[in-house]
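Keep the 3D view open as you read.

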Amino acid sequence: RMAFEHFFTRGFRHFAFYARSGGPGERLRGEAFRRHAEREGHSFHVIDWAGHARTPRSIHGEIDQRWLTERLLSLPRPLAILAEYDDRAMEIIEGCEAAGLSVPEQVAVLGVDNDELRCDFAPVPLSSIDDDQQMQGYEAAQLLDRLMNHEDVPEQTLIPPRKVVTRVSTDILAIEQPHVAAALRLIWDHYLEPLTAGDVSDALPMSRRRLHDAFVKHVG
């Protein structure tokens with residue numbers, strides 16, 4: 001829900017989940033993401049390496065970059081992708097780079113775990129859901145202690161995530177025209193500077209007039 005709302009409030013209407021490992025927890029995460037997207041009537045897609053690779057060895061081995069590139073290019077844009085966790089989100093960013101797709105203007109990417117070493121130093125700084133791993137550790141230790149003392153424990157303990165930590169990979173509004181999206185990114189990055197419409201159009205392969213018309217059409 002948190003991932004869906006993060007994308008939805010930015011205007012995204014095409015969603016995808018990157019299923020890499022095929023594990024039960026990851027499947028539940030992807031199914032929940034699908035439910036929220038389809039409940040609102042939006043398109044949903046699965047980038048399913050687990051299903052494509054088939055054997056455990058190939059699932060957990062190196063990703064087929066050509067397959068990933070072709071899959072990314074086949075999906076509607078602007079596209080919002082939730083990956084199983086941060087490492088997998090970085091694979092999507094690398095796949096977008098190989099496919100010539102800009103992140104976040106054409107594809108916004110969100111991970112899970114908020115591993116700061118990975119997120120801050122990704123090819124594009126990665127937005128991620130802070131799923132409160134510290135609290136998960138404390139709760140796991142407490143459950144283990146109760147089990148060792150032969151005490152009853154609940155069948156499952158759910159730790160709610162804290163928040164989405166927004167970095168560059170999702171810090172954008174969903175705009176179908178990629179040059180308009182790039183212009184918005186430029187404005188957002190330099191809004192404290194004396195930036196003019198001419199400066200923005202000079203940075204893009206569009207005339208000032210065409211950029212103006214595209215803004216009116218896609219932004220209002």
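β1 and β3 pair in the parallel sense over 4 bridges. In this predicted model, F17 stands opposite L82 in β3. On to the next neighbour: β3 also runs parallel to β4, and 4 bridges join the two. Here I81 stands opposite V109 in β4.

How many residues of β3 are buried? The count is 5 of 5, so the strand is mostly covered, with buried meaning under 20% relative accessible area. In a regular strand the side chains alternate between the two faces of the sheet. For β3, both faces are covered. L79, I81 and A83 are buried on one side. A80 and L82 are buried on the other.

Now widen the view to the whole sheet. Strands of a sheet pair through backbone hydrogen bonds, either parallel or antiparallel.

β1 (residues 14-19) pairs with β2 in the parallel sense, over 6 bridges. There, H14 has S43 of β2 as its bridge partner.

The largest nonpolar core has 27 residues. Y18, I47, L72, I81, I92, V109 and L126 have the most contacts inside this core. Two or more residues come from each of β1, α3 (49-53), α5, β3, α6 and β4. Which element gives the largest share of this core? That is α6, with 6 residues. Another core lies apart from the largest one. This other core has 19 residues, among them F15, L110, I129 and I172.

V109 deserves a look of its own. Leaving aside residues up to four places away in sequence, V109 touches I81, A89, I92, I93, V103, L126, S127, S169 and T170.

Turn to the open space. Rolling a probe the size of a water molecule over the atoms shows where empty space is left. The largest pocket holds about 770 Å³ of space. Its lining has 23 residues. Nearest the pocket centre lie R29, D131, I159, P160 and P161. α1 (2-8), α2 (24-39) and α8 (133-148) each supply at least two lining residues. α2 gives the most to this lining, with 6 residues.

D113 sits in the loop between β4 and α7 (116-120). Not counting residues up to four places away in sequence, D113 touches Y85, D86, S128, I129, D131 and Q133. D113 counts as partly exposed because its relative accessible area is 24%, which falls between the 20% and 50% cut-offs. D113 and R185 are 72 residues apart along the chain, and their C-alpha atoms are separated by 26 Å.

Finally, check the backbone. Most residues other than glycine have a negative phi, and most peptide bonds are trans. A cis peptide bond joins R77 and P78, with omega about 0°. P78 lies in the loop between α5 and β3. The bond from V103 to P104 is cis too, with omega near 10°. P104 lies in the loop between α6 and β4.

D132, in the loop between β5 and α8, has phi near 60°. H150, in the loop between α8 and β6, has a positive phi of about 60°. Which of these is buried and which is exposed? D132 is buried because its relative accessible area is 10%. H150 is exposed, with a relative accessible area of 76%.

One last stop is M148, in helix α8. At 59% relative accessibility, M148 counts as exposed. M148 and E70 are 78 residues apart in sequence and 50 Å apart in space, C-alpha to C-alpha.

Methods: Residues numbered from 1 in each chain as written. Predicted model: local features only at pLDDT ≥ 70, side-chain atom pairs only at ≥ 80, totals over all residues. Heavy atoms only, no water. Pairing = 2+ DSSP bridges. Core = buried A, V, L, I, M, F, W, Y, C linked by side-chain atoms within 4.5 Å. Buried < 20%, exposed > 50% of the residue type's maximum accessible area, 1.4 Å probe, protein only. Contact = heavy atoms within 4.5 Å. 1 Å grid on protein atoms, 1.4 Å probe; cavity = no way out; pocket = protein on both sides within 12 Å on 5 of 7 lines; lining within 4 Å. Points joined across faces, edges and corners; volume = space filled by probe spheres on them.
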